[in-house]
Amino acid sequence: MKKVAFLLLLQSTLVFSQNTDEETLKQIYKSALTESHCYSWLDDLSNKVGQRLSGSKGAEQGVLYTKKQMETLGLDRVYLQEVMVPKWVRGEKEIAHIQLGKKKISFPICALGLSVATPKTGLSANVIEVQSLEELKTLGDKVKGKIVFFNRPMNPEFIETFNAYGSCVDQRSSGAREAGKLGAVGVIVRSMNLRMDDLPHTGMTNYGDTPKENRIPAAAISTNGAVTLSKLLKENPNTKLYFKQSCQQFEDVLSYNVIGEITGSEHPERIMIVGGHLDSWDLGDGSQDDGAGCVQSMEVLELFKKINYKPKNTIRAVLFMNEENGVKGGTKYGEEATKNKENHIFALESDSGGFTPRGFSIESDDLNFNKIASWKDLFEPYLIHVFHKGHSGTDIGPLKSDKIVKVGLQPDSQRYFDYHHAANDKFDAVNKRELELGAATMASLMYLFDKYN
């Protein structure tokens, strides 16, 4: 009888607990959809602050704005964490064209992040088209003195568009470095975009240990521009391309990660973080990448305050600086956590846009993965169904605490690369309800992990 009574008590406790969790999630989603501030925060961050390229005035203003907003939430602590970041300036608008007799055909281009400039008068050379770094390496001396045109598109067969991105982004990140080794004088890279349009998409190029004097200029070309250039090269392989860009690299400057904290009521020494990156590229205003993730992370703390939830563990919202061209903010946060012997048990990152949330990508041991997956039923009413192992996030990557669980919010990704690193990454591309649903989904997982750890 005692065993039966115990089992009945356990079953009733589990049912009560599940009912409590269901009610809490309802509160979280209701509050997010009816009284959250994340959309108005993003409006200000995008339209009043604007682009937030590391080392820029916009980045400085973004730090001040988000710190001020978190200070209104009644948190236990809001502070700035110093970090040195790159300062790269794009300069004048880039130009590119081909001259066919009296006819000039222009192409939409933009310098890749951290690229060097062309000569002040621009650069003109024959173009050699390749599909991959592997193909480039087979050409040897044929590349010398030429502009290398990397024209491998994102593969539309991938349903998960981040896989399509990952399958071709190496030509953007490594193309200038590898082409320069073979004597190329410049690089043009097809934009990482599944849509055909006239918007060039920037992103960082990495010269590695290439001496400054040996670095060659690199630019992105729009998808429509890439198709046109490829066609012209097939018609006349001796076609010459002219392009000009005036970007500059300066010494690193001081910037900050912005951190807001609710101290844990039972285990203040155990830390859970939620975050996104505050910096953006400079062509748009960085609403999707990653203003959305920043305001969603701030909203998690606001939601806990609004529903009067007192977390057991310390909860931090961390707005990282310099994810786009160096990951200095994430690296600094990880270094300080190690130096201060902080015990981080959980980290959640939102850096895939403010689209409809679908689930989570989880880096953890099997025990913690199965625990999170066991909450799937609680999320089904909100159409959250993806719980799989995979990459969580770039900025939380440097955290090295024992047995830490790292999670990435997974929104619907089909439209993300239409805006990623391009001039149309602006506030009007973000849907208010989708943004709020993402914040609620993040807060719900933070609540469950906090409660059961």
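**View A. Proline 357 is a buried residue, with a relative accessibility of 3%.** Buried stands for a relative accessible area under 20%, exposed for one over 50%, and partly exposed for the range in between, with a 1.4 Å probe and protein chains only. The model is a predicted one, in which local features need pLDDT of at least 70 and side-chain atom pairs count only at pLDDT 80 or more, while totals for chains, interfaces and linings use all residues. Residues are numbered from 1 along each chain as its sequence is written, and side-chain values use heavy atoms, with hydrogens and water left out. Proline 357 belongs to strand S14 (residues 357-363); helices (H or I, at least four residues) and strands (E, at least two) are DSSP runs numbered from the N terminus. Between proline 357 and proline 411 the C-alpha to C-alpha distance is 3.9 Å, although 54 residues separate them in sequence. Leaving aside residues up to four places away in sequence, proline 357 is in contact (heavy atoms within 4.5 Å) with Leu383, Ile384, Leu409, Gln410, Pro411, Glu434, Leu437, Gly438 and Thr441.

**View B. Glutamate 23 and lysine 26 form a salt bridge.** A salt bridge is counted where a side-chain nitrogen of Lys or Arg lies within 4 Å of a carboxyl oxygen of Asp or Glu, and this rule gives a count of 20. In this pair the N to O distance is 3.7 Å. Glutamate 23 and lysine 26 are about one helical turn apart because they stand three residues from each other in helix H1 (residues 2-35). An α-helix has 3.6 residues a turn, so residues three or four places apart point the same way. Glutamate 23 is partly exposed at 44% relative accessible area, and lysine 26 is also partly exposed, at 46% relative accessibility.

**View C. Lysine 67 and glutamate 71 are joined by a salt bridge of 2.6 Å, N to O.** Lysine 67 has a relative accessible area of 22%, which makes it partly exposed. Glutamate 71, at 43% relative accessibility, is partly exposed as well.

**View D. A salt bridge connects aspartate 252 with lysine 328.** Their closest N and O atoms are 3.6 Å apart. This pair links distant parts of the chain, with aspartate 252 in strand S10 (residues 248-262) and lysine 328 in helix H9 (residues 328-339), 76 residues apart. Aspartate 252 is partly exposed at 37% relative accessibility, and lysine 328 is partly exposed with a relative accessible area of 30%.

**View E. The largest pocket holds about 780 Å³ of space.** Pockets and cavities are found on a 1 Å grid over the protein atoms alone: a cavity is a set of points where a 1.4 Å probe fits but cannot get out, a pocket is an open set with protein on both sides within 12 Å along at least five of seven lines, and lining residues have an atom within 4 Å of a point. Grid points are joined across faces, edges and corners, and a volume is the space filled by probe spheres set on the points. Of the 33 lining residues, Phe162, Tyr165, Glu323, His391 and Thr394 lie nearest the centre of the largest pocket. Helix H5 (161-166), helix H6 (170-181) and strand S16 (405-411) each contribute at least two residues to this lining, and H5 gives the most, with four. The lining comprises eight nonpolar, 18 polar and seven charged residues; Ala, Val, Leu, Ile, Met, Phe, Trp, Tyr, Cys and Pro count as nonpolar, Asp, Glu, Lys and Arg as charged, and the others, Gly among them, as polar.

**View F. The second largest pocket has a volume of about 360 Å³.** Among its 14 lining residues, Leu114, Tyr207, Lys212, Arg215 and Gln249 are the closest to its centre. Strand S10 gives the most to this lining, with three residues.

**View G. One cavity of 30 Å³ or more is found in the whole structure.** The largest cavity contains about 50 Å³ of space. Its lining is made up of Ser280, Trp281, Leu283, Gly284, Gly286, Asp289, His421, Ala422 and Asp425.
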